[in-house]
Every structure is written in structure tokens, then in C-alpha cells.
Amino acid sequence: MDILSKLRPFDPTRLQSRRTRLIRRWLAAGLLVLGGLLLAHPGLARGAPTVLAAHDLPPGTTLSAADVRLADIPDEARPAGVLTSLDSVEGRLLSGAVRSGEPLTDVRLATAPTAVDPGTATVPVRLADEAVAELLQPGQQVDIIAAPDQAAPASVLAAGATVVTIGHRQPATPKGPLVLLRLPEASATRVAAISLERPVTVTLR
């Protein structure tokens with residue numbers, strides 16, 4: 001009878017509390033391990049370096065250090081082809097407009113670094129005929145032609161422009177893709193203004 005009196009009845013709450021303590025210990029140990037990994041590899045917490053636009057940028061911009069900034073973005077938020085160093089964009093040309101804070105990808109840049117000749121400017125032109133744009137290659141020489149309208153006949157806006165890059169066609173735009181053309185500054189302003197009012201195409205040399 002003395003032995004039986006010393007035995008305690010089974011209490012399920014004791015077993016449950018023991019499991020709770022064990023789970024808490026494992027969680028604490030896991031958090032310690034995770035904290036150690038983050039200290040050893042800070043990139044796991046911050047993400048990877050990503051080049052972002054420092055402000056709104058129009059197409060044809062020759063990028064400088066003031067136009068971009070570097071930020072750490074988680075992998076799941078980084079688009080494919082994103083650029084990871086400021087050196088990779090210095091002096092490159094934008095083939096399309098970019099909003100402030102937008103990650104810069106390889107398709108936003110001209111296919112190759114382009115030397116900027118003194119006295120020239122880069123003008124974005126959306127060609128009226130998409131088929132003509134498909135024939136163009138970077139470095140090719142073209143003449144820029146304005147289509148006739150009620151006020152003026154067809155005319156050559158600029159001769160000997162150099163194709164910098166050819167953008168991708170936007171489905172919502174009835175015209176062809178945006179083409180970046182480098183030409184003398186004296187002609188660049190006129191070409192940019194008239195291309196907003198009249199359809200523009202090019203002739204190949």
C-alpha cells in the first residue's frame with residue numbers, strides 16, 4: 001500500500017507541457033543557427049546588388065553615375081537579365097524609357113557601348129513601318145525621311161544617321177519599334193520634333 005500511495009496518477013497536461021518546452025528549445029536553436037548564417041553571409045538578408053534608375057530616364061539617355069544607383073534586392077524581386085554593377089552601365093545608351101527606382105536589365109541598353117562623338121546627339125524615333133525596322137542593324141547608316149502631309153511634301157530630315165540600337169515593338173503601339181539614331185546636334189532637334197507630328201521612316205545606305 002505504501003508503494004501504491006507514492007505513485008502519481010497519469011497527468012496528460014504534464015506530457016503536453018514537456019513537448020511545448022522541447023519545441024521551444026528547437027525553435028530557439030534554429031533561430032541561433034539562422035542568425036549565425038546571416039552574420040556570416042549578409043547577402044542572404046539583404047539580397048543581391050542591383051542597378052536601379054536614380055530618376056526618370058527618357059530613351060536615348062547616355063547613362064552616367066548620376067543616373068543610376070546600387071541597391072540590394074531579394075532574388076525573388078529581381079527580373080531576369082538585371083545588371084549588378086555600376087561599371088556595366090557607364091556610358092551606355094538606353095533603348096527605352098525607365099522610371100525612377102526601376103531595375104535596369106540588359107534589354108534596356110544598346111547592344112554594345114557606343115562612343116559619343118563630339119557634336120552629335122542620340123534621338124529616339126518610332127518608325128512608321130515595322131518591316132523597315134527589322135532590316136536595321138546597329139552601326140548602319142541611314143537617311144531619315146518624313147512622310148508627306150497636307151502642309152508639306154516628303155522630305156529628308158537628316159542624312160547619314162547611325163543606328164545605335166533597335167528596341168522591341170510595343171503591342172499597344174500601332175507604329176513600329178523605337179530606333180535610336182545618332183546624328184549631328186544641328187539635325188537632332190528637328191528630327192525629334194517632326195517625328196512627333198509626322199510619320200517617319202528611313203532609307204538604307
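Predicted model: local features only at pLDDT ≥ 70, side-chain atom pairs only at ≥ 80, totals over all residues.
Is threonine 122 buried or exposed? Threonine 122 is buried, because its relative accessible area is 15%, and buried here means under 20%.

Where does this residue sit? Threonine 122 belongs to strand E3, and its side chain makes a polar contact of 2.9 Å with the side chain of arginine 182. If we set aside the neighbours within four places in sequence, threonine 122 is in contact with Gly60, Leu93, Val164, Leu180, Leu181 and Arg182.

Let me step back to the whole chain for a moment. The protein has 5 helices and 7 strands, and along the sequence they follow the pattern α-α-α-β-β-β-α-β-β-β-α-β. Of its 205 residues, 30% are buried. When we take the contacts between residues at least 6 apart in sequence, 63% of them join residues at least 24 apart.

Now to the sheet that holds E3. It is an open sheet of 5 strands, in the order E3-E6-E5-E4-E7, and the pairing is antiparallel. Strand E3, residues 120-126, and strand E7, residues 200-204, stand at the edges with a single partner strand each, so one side of each has no neighbour in the sheet. On average, and ignoring direction, neighbouring strands in this sheet are turned by 45° against each other.

Strand E4, residues 141-146, and strand E5, residues 155-166, run antiparallel and are joined by 5 bridges. Isoleucine 144 has alanine 158 of E5 as its bridge partner.

The largest core has 21 residues, and the members that touch the most others are Leu127, Ile144, Leu181, Leu183, Val191 and Val202. At least two residues of this core come from each of E3, helix H4 (130-133), E4, E5, E6, H5 and E7, and E5 gives the most, with 4 residues. There is also a second, separate core of 11 residues, which includes Val51, Leu57, Leu83 and Leu109. In general, nonpolar side chains of soluble globular proteins tend to be buried together.

What does helix H5, residues 185-195, turn towards the sheet strands? Its buried residues are Ala188, Val191, Ile194 and Ser195. Seen down the axis of H5, these buried residues fall within an arc of 150°, so they line one face of the helix. They pack against E3, E4, E5, strand E6 (178-184) and E7, while the face turned away from the buried side carries the exposed residues Ala186 and Thr189.

Threonine 50 is found in strand E1, and it is buried, with a relative accessible area of 0%. The side chain of threonine 50 reaches the backbone oxygen of alanine 48 at 3.2 Å, and, leaving out residues up to four places away in sequence, threonine 50 touches Arg69, Leu70, Ala71, Ile73, Arg78, Val82, Leu83 and Pro103.

Alanine 53 also lies in strand E1, which covers residues 48-53, and it counts as buried at 0% relative accessibility. Alanine 53 and glycine 101 are 48 residues apart in sequence, yet their C-alpha atoms are 5.0 Å apart in space. Beyond its neighbours within four places in sequence, alanine 53 is in contact with several residues, among them Asp67, Arg69, Val98 and Gly101.

Leucine 63 and leucine 109 are 46 residues apart in sequence and 9.5 Å apart in space, C-alpha to C-alpha. Leucine 63 touches Leu109, and the residues it touches also include Leu57, Val89 and Leu104, again without counting those up to four places away in sequence.

Notes:
Residues numbered from 1 in each chain as written. Heavy atoms only, no water. Pairing = 2+ DSSP bridges. Axes fitted to C-alpha atoms, helices over the stretch in contact; angles between N-to-C directions. Buried < 20%, exposed > 50% of the residue type's maximum accessible area, 1.4 Å probe, protein only. Polar contact = N/O pair within 3.5 Å; in protein donor to acceptor, adjacent residues only side chain to side chain. Contact = heavy atoms within 4.5 Å. Arc of directions from axis to C-beta. Core = buried A, V, L, I, M, F, W, Y, C linked by side-chain atoms within 4.5 Å.
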